[in-house]
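Student: I have a structure open and want to go through some of its parts. Can we start with the helices?

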Amino acid sequence: MSEDNLASENYWKASEQKIPGSTRIPVDELKKFLDNKPGMVILDLGSGEGRSTQALKESFPEAKIVAFDLNHKGLEKTISDVSGRVQGTALELPFANESADGVVLCGVLTNITDKDPQKAVEARKKVIKEIARVLKPGGILTVSDFNREHNLSHYPVNYSRHELITNELGTIAVFDPMAKITFQDKGDKEVALLAGSPYLQRFAHHYSTDELTNLAESVSELKIVKHSAEIGTTPSGNPIDTIVATFIKSPKEAP
Ligand SMILES: C[S@@+](CC[C@H](N)C(=O)[O-])C[C@H]1O[C@@H](n2cnc3c(N)ncnc32)[C@H](O)[C@@H]1O
């Protein structure tokens, strides 16, 4: 598969909220770091159509699992026996301080992008700060997302050419696949002009482990405790590297 397949590939379309769920749901990490006690609260932020919510409910039957998403259509499809379905943005969580034992971000951070890369970075920091605020001391955040380092899949992405459009290294431009847009036949100037293409559907950010760690540790008291590089699948079924990273909020020190 060439870089051009990626440029024109049909990742899930933000406009249609079609959720392929192509990164692993990090339930094992939550189980490793959280005791499964009744009354536990786990927030599934960016729950989509409820794939991750369902897996969390199966792994933590005693817990209160809250499905949370920007989009109401996905929430409506989410299993009805979850303890809550809440619509809103992860940039301003409608949850109380220190109210959650666990937070899952599965395939969500990749969507936190902006035409202005500075705004994109600020938005990601805001999401992390909000998560750190709502987590209890000792609470766990697990992130499962696309990896910028393609050591396992050798998935070909020319990030510097995408940067000509997105202005941010690691952020790719996703075009309508019907338009069959390729970079191969274009010089850099022509690629940059695709920023104005009517076929440009959205941006998606791919993370390195260092970027994810620095993002969390620079703005919050979250500390990374485990990470792994794994193979996931793109929406069109191709293998691609993913990261699963787990963070703990510092427990309260004894007085
Ligand atoms: C790829 S889906 C992941 C769905 C689910 N977690 C899974 O693994 O199947 C990403 C979801 O994140 C949601 N999302 C994107 N930005 C968000 C934000 N700022 N706040 C809340 N949800 C957001 C989208 O609406 C979409 O449903």
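Student: What do the buried residues of H8 pack against?
Tutor: They pack against helix H5 (117-134), strand E5 (135-146), strand E8 (222-233) and strand E9 (239-249). Helices (H or I, at least four residues) and strands (E, at least two) are DSSP runs, numbered from the N terminus. Contact here is between two residues whose C-beta atoms, placed from the backbone, lie within 7 Å. Before we go on, this is a predicted model: local features need pLDDT of at least 70, side-chain atom pairs count only at pLDDT 80 or more, and totals for chains, interfaces and linings use all residues. Residues are numbered from 1 along each chain as its sequence is written.

Student: OK. Which residues of H8 are buried?
Tutor: In H8 (residues 209-219), the buried ones are Leu-212, Leu-215 and Ala-216. Seen down the axis of H8, they fall within an arc of 85°, so they line one face of the helix. The arc is that of the directions from the helix axis to the C-beta atoms. A residue is buried if 20 or more other C-beta atoms lie within 10 Å of its own, exposed if 12 or fewer, and partly exposed in between, with C-beta atoms placed from the backbone.

Student: And which are exposed on the other side of H8?
Tutor: Asp-210, Asn-214 and Ser-218.

Student: Back to H5. At what angle do H5 and H8 pack?
Tutor: At about 60°, with their axes 9 Å apart. Axes are lines fitted to C-alpha atoms, for helices over the stretch in contact, and angles run from 0 to 180 degrees between N-to-C directions. H5 and H8 are therefore oblique to each other. Angles under 35 degrees count as roughly parallel, over 145 as roughly antiparallel, 65 to 115 as roughly perpendicular and the rest as oblique.

Student: Which residues make the contact?
Tutor: H5 gives Arg-124, Lys-125, Ile-128 and Lys-129, and H8 gives Leu-215, Ala-216 and Val-219.

Student: New topic, loops. Where does Glu-98 lie?
Tutor: Glu-98 is in the loop between strand E3 (84-87) and strand E4 (100-106). Its phi is near 50°, a positive value in a residue other than glycine. Most residues other than glycine have a negative phi.

Student: Is Glu-98 buried or partly exposed?
Tutor: Glu-98 counts as partly exposed, because it has 15 C-beta neighbours inside 10 Å.

Student: What about Lys-180, where is that?
Tutor: Lys-180 sits in the loop between strand E6 (171-175) and helix H7 (188-193). Phi of Lys-180 is also positive, near 50°. Lys-180 is exposed, with 11 other C-beta atoms within 10 Å.
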